[in-house]
Amino acid sequence: MHGNDKQFRSRVWFSDLPTANERLTWGYEQGNCITTAASATITDSSAKFKTRNIKIGDPFALQGLNDGEYTVESITSETQIVLTENLTYSDPNPSAYWVG
């Protein structure tokens, strides 16, 4: 670890069951988002939260000013999810995240 790096526990992903067209999903998404203070909503215009089968209760790891691990409360659209707690800081720079 270097400087302010935060260590997250190791994860193993298992695929979800194949769909009718035999496609596998992994229940995992990563990308960059802009965060807003006092808001639990995360938006990433290039995400596919529903397609990737992100679920309520999945861990959401965020880097940047709001560095930490959160929990998904709801998936409102392909590009938007809501966390169980509001974020503390607004960050105009894209923050890296992973969820699943």
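**Close-up 1. Aromatic pairs in the predicted model**. The structure contains 2 aromatic pairs. In one of them, the ring centres of Phe 49 and Tyr 97 are 6.2 Å apart and the ring planes meet at 45 degrees, so this pair is tilted. Phe 49 lies in the loop between strand S2 (41-43) and strand S3 (59-62), and Tyr 97 lies in strand S6 (residues 91-99). With 48 residues separating them, Phe 49 and Tyr 97 connect distant parts of the chain. Phe 49 and Tyr 97 are both buried.

**Close-up 2. The pair of Phe 60 and Tyr 97**. Here the ring centres are 5.2 Å apart, with 15 degrees between the planes; planes under 30 degrees apart count as stacked, so Phe 60 and Tyr 97 form a stacked pair. This pair also links distant parts of the chain, with Phe 60 in strand S3 and Tyr 97 in strand S6, 37 residues apart. Phe 60 has 0% relative accessibility and therefore counts as buried. Tyr 97 counts as buried because its relative accessibility is 4%.

**Close-up 3. The aromatic cluster**. Phe 49, Phe 60 and Tyr 97 belong to one aromatic cluster.

**Close-up 4. Strand pairing of S6 with S3 and S1**. Strands S3 and S6 are antiparallel and pair over 3 bridges. Ala 61 has Trp 98 as its bridge partner in S6. Strand S1 (residues 29-35) also runs antiparallel to S6, and 6 bridges join these two strands. For Cys 33, the bridge partner in S6 is Ser 95.

Note on methods
Residues numbered from 1 in each chain as written. Predicted model: local features only at pLDDT ≥ 70, side-chain atom pairs only at ≥ 80, totals over all residues. Heavy atoms only, no water. Phe/Tyr/Trp six-rings, centres within 6.5 Å; stacked < 30°, edge-to-face > 60°. Helix = DSSP H or I, 4+ residues; strand = E, 2+ residues; numbered from the N terminus. Buried < 20%, exposed > 50% of the residue type's maximum accessible area, 1.4 Å probe, protein only. Pairing = 2+ DSSP bridges.
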